[in-house]
Each structure stands twice: as C-alpha cells, then as structure tokens.
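Please read this report beside the sequence and the model.

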There are 2 protein chains.
Amino acid sequence: MNYQQLFEQITKKRSFLCVGLDSDIKKIPAHLMQSEDPVFEFNKAIIDATAPYSVAFKPNLAFYESLGSTGMLSFEKTIRYCRENYPEIFLIADAKRGDIGNTSGLYARAFFESLDVDAITVAPYMGEDSVTPFLAYPGKWVILLALTSNKGADDFQYVTQDGKRLFEKVLEKSQQWADQNSMMYVVGATRAEMLSDIRKIVPGHFLLVPGVGAQGGSLSEVAKYGMNSHCGLLVNSSRNIIFADNSEKFAEFAAREAANMQHEMDELMKMHSI
Amino acid sequence: MNYQQLFEQITKKRSFLCVGLDSDIKKIPAHLMQSEDPVFEFNKAIIDATAPYSVAFKPNLAFYESLGSTGMLSFEKTIRYCRENYPEIFLIADAKRGDIGNTSGLYARAFFESLDVDAITVAPYMGEDSVTPFLAYPGKWVILLALTSNKGADDFQYVTQDGKRLFEKVLEKSQQWADQNSMMYVVGATRAEMLSDIRKIVPGHFLLVPGVGAQGGSLSEVAKYGMNSHCGLLVNSSRNIIFADNSEKFAEFAAREAANMQHEMDELMKMHSI
C-alpha cells in the first residue's frame, strides 16, 4: 500500500485508528480457551468487529513468540485472515527488529515475502545497514522507532550532540535512506508535546503513535501537534479496545470502543479540514 | 549459569568460543534437505562436532523466524537438544529484542521460562524498562548491544554528549540496572581498538564479541584489548565454522575450524596467565 492509498483509506473510513493485536493469552475470554487456537479465534472476532472503524492492525510479535511455534502459527493465520478478508487494511508487524545487514534481510524476507504484511517496526540502534534491507520491497514500509512512549525513552533517546537529540538524529539521518513513501516513525503519545519539534523535521511523514489510552496519552493532543494535511497519523490502541470486556460479548465491546475512537478521530480530522 | 561457572567452563575447555548457529537454510548441505527438519539435523551435527571446543552456542533468531512456525520449531528443538546433551554449554538467544516493559516481560518469559536459554541479546534504544524485565530471572543474563560490529554502528552509537559516546552511556547507565553477574555487552570485533576504552567502564564484565572471521575482526586484537583476569570474553564465530564445508563431511570441517580457534584461544589465555 502506498502513501496515497493509505490517505484514501483514512478519508474513506474517517479514521486513523490502528488496533493493536496484543492478544495476551492470559487475558483472552474464558469461553474461547476451549477452541483449538484461542489466540486466532480471539483475533478473528476482534478484527471482524473493529475493521469498520480502523485503517490498520498491529500485532506485537512478543505476544505470539511467547507461545513458541504455536504462537507463530496463530500470528501467521491472523495475517492471512486479514489479507483475505480485509485487503484494504494496513498490516503492521510490531517486531522492533534490527540486526546486521544480512540478518535484517532475513527478517525482511520473513515479514514481507512469506507473510505479506505492509510494514514492520525497526529499532534504529544499529544504523543504516540494519534498516535498509527492509526498504528493498516496493510498497512495503519501515516504521522506525524515534521517540517511544515508555519511561525508558528518557535514558538514551534524549542524548544531545550539537543541539540535536538522538531521536532527532534518527529522524534526520534516516531520511537519507528513504522518504515518506516507505518510512514512518514511532512517536509515543505520551510525548505529544514533542510532536511539534518532530513535525519540523518530518512534516510529511506518517507517524505511528502508541500510548493513547492505557499508557496515558491524549488523542486530541496528538492531533493538535502531529496532524498534517494528509492526516499523517496512525494512532494505536490495544488493551482499551481488545480487552474492553472479557465476557462472550467481548467483540461487541471492542467494536464500541473502536467506534468511539473513530468518532473522535472524525471530529479531529474535520477540525484540521481533512 | 553464573559468572564463576562460566569462567570455570572457559578454563576447563581452554576456550572462549561461541558458535553462532546462523543456520541459513539456503546454505545447508544438500544431503540434509531430504530430512524432515533439515535445520535441526544440521544444528545437531554442528553442535555434536563443535561442543568439545566451545563454551557457548548462539542461534540468531532471524534464521529461524524467517521460516515461520516451522523454523521456530527447529529453534525450540535445537535449544532442547543442547540442554539435554550439553548442560554445561552457555546458550544465547540472539534476538536483539527490546520493547515497553510488559512486552519485554513476555519475551523474557518465552526465552527464559519456556525455552530455558541462559542469555538473550537486547537492544538498548528504549531504555531501562525495556531491559529490566529480562533481569528478573536468577541465573539468567542480558547481553546488551553496546558497540556493534556493522558499519551502521557509526550512525548513532558514537553520538556524543559531555564527552561520552552513546555506547559509553549505555555501558554506564545499564550498570544501575544490573552488575557483571547478570549483564554482558555486545562489542564488535571490528571495533577492537575501542575495547580498551570499554574496559575502563566495564572492567569485570563479560563481553560477547561478534565479527571475528567473516566480518574481518582479529581474535588476537580482541584478546589484547579486551581480555581480563576472568577472560571476560565470549568470541562468536558463525559462518567460518558452520559453513566451512557443504559436503557430507561438513561437521568434520566445522569441528576442525572450531578446534583451530580453540587452540588459538588457549594460547591467548596463556599469554594472559589464565
């Protein structure tokens, strides 16, 4: 999916919601635990319920890998289910990978060839040759960690040389590797006040913004400082949507939460004349 | 395995060799491709052949994940095979993970509970709460990326504030989270000249050193600048050993390469009175 197609989906659905499929098996409703693949059954129901209100889904690999090869099978089935039933949805593998060139190349092959996701999150610490192998796939995206939503972001991401903080250096340097047509950045909603600084460096890029809801970030603040003329935002919500309820009606509750966010997003887009 | 036990293995085997199980299915000898699980059969033969000369094995997850759930099964079988047959070997999951706290916790559970490896490599970009969940397991280790062996290391790892480079800040800051009994650092052999600077900050820690051989690093340089009174080094070699040959005699050739390195390591240890 390219930049323009993503923007079209956003304007069509009046939403820039990304639903995080952080499908922790310990939180899945009890009645699903009898099925052969509870994680996949859960995801399928969440996807069906929330797809009308979302433009993206983002499974975090940790929740699947922690179940070993069984979990990876649930992950693969989830990706395939999305692709077949909701081809217009932008699929993000939240993997935070990054290794020396030939090894990153293998991860790229896994996620973009075998699995056909649209984007993968990548950690920048190892620099250019750890990132560029993911950029060799036309129509696919790298979402590079810039300023994350967690407390630990303070430890290294603000290290400053010549008046520029590390996350700003990541934003600047990485523009030598790809432009806004194949690169996005992770910026935590808990750092919304930094978004105006970030927009000075990457005015046109899409930003993937986690941290709204459970982690305390505010959607209206994110839109205020981060929205551009092409929206330029994918705001992720995980727990608040997928674990809104744990009865047999969990999917209905998830749909309601997603619809609420979509409604708020529609209002914010109108305020920005989108 | 604790610090003292690891040192004892090193002195017993006269080796600080870590064999990297970067078992790329495209490079596995043809005659193994008929078996049900070629990657596992390959690993088993390599492990049996090189265990006498090594103190550690390090499968890089990318080579397994790139084969999907099948590959993860090969990975799990490899770990179990090592654990059962070579309980004295130090097992490193080279995963370069790192995510917000609750998510890193899931990775920790996967690698330390379900799989029982001794150590996992972790990327530092997201800071303290992305690393500490891995430190909650007694006897287990975090191996934190500090200065990597690839060219891209130049992009961000040398960003300097107050005379300290980012990799030095990683070394310093992370000592607030754990000491040399549960933390090691990745330092690329291609940066051997930096090892003396690094030893000023972490004199007693073990360092995991990739990049000898295929990537151009020199073993004697690494020992010269990096060895301490407890050796303090695990030097990794992957391709040079495991793909030394691709005939039916591949394991014999791998053993010969590992033995050569062990011999050189023995000499270097003697020079350092170990």
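## Contacts and the nonpolar core

Two residues are in contact if their C-beta atoms, placed from the backbone, lie within 7 Å. Leaving aside neighbours within four places in sequence, B:Leu144 is in contact with B:Val122, B:Pro124, B:Val131, B:Val170, B:Ser174, B:Met183, B:Tyr185 and B:Val186. This is a predicted model, in which local features need pLDDT of at least 70 and side-chain atom pairs count only at pLDDT 80 or more, while totals for chains, interfaces and linings use all residues. Residues are numbered from 1 along each chain as its sequence is written, and chains are lettered from A and ligands numbered from 1 in the order in which they are written.

The largest nonpolar core holds 198 residues, a nonpolar core being a set of buried Ala, Val, Leu, Ile, Met, Phe, Trp, Tyr and Cys residues joined through C-beta atoms within 7 Å. A residue is buried if 20 or more other C-beta atoms lie within 10 Å of its own, exposed if 12 or fewer, and partly exposed in between. The members that touch the most others are A:Ile143, A:Leu144, A:Leu233, B:Ile143, B:Leu144 and B:Leu233.

## Strand β3 of chain A

Because 8 of the 8 residues of β3(A) (residues 90–97) are buried, this strand is largely enclosed by the rest of the structure; helices (H or I, at least four residues) and strands (E, at least two) are DSSP runs, numbered from the N terminus. A:Phe90, A:Ile92, A:Asp94 and A:Lys96 lie on one side, and A:Leu91, A:Ala93, A:Ala95 and A:Arg97 on the other.

Strands pair if DSSP finds at least two bridges between them. β3(A) runs parallel to β2(A) (residues 56–58), joined by 2 bridges, and A:Phe57 stands opposite A:Leu91. With β4(A) (residues 119–122), β3(A) pairs in the parallel sense over 3 bridges, and here A:Arg97 stands opposite A:Val122.

## Helix α5 of chain B

Helix α5(B) (residues 101–114) has 14 residues and reaches 19 Å from its first C-alpha to its last, close to the expected 20 Å, which is 1.5 Å times one less than its number of residues. Its buried residues include B:Leu106, B:Tyr107, B:Phe111 and B:Phe112, and the buried residues pack against α3 (62–65) of chain A together with β3, β4 and α6 of chain B. Just after α5(B), B:Asp116 takes a positive phi of about 60°.

## Where the chains meet

In all, 46 residues of chain A are in contact with 46 residues of chain B. On the side of chain A that touches chain B, α5(A) gives the most, with 7 residues.
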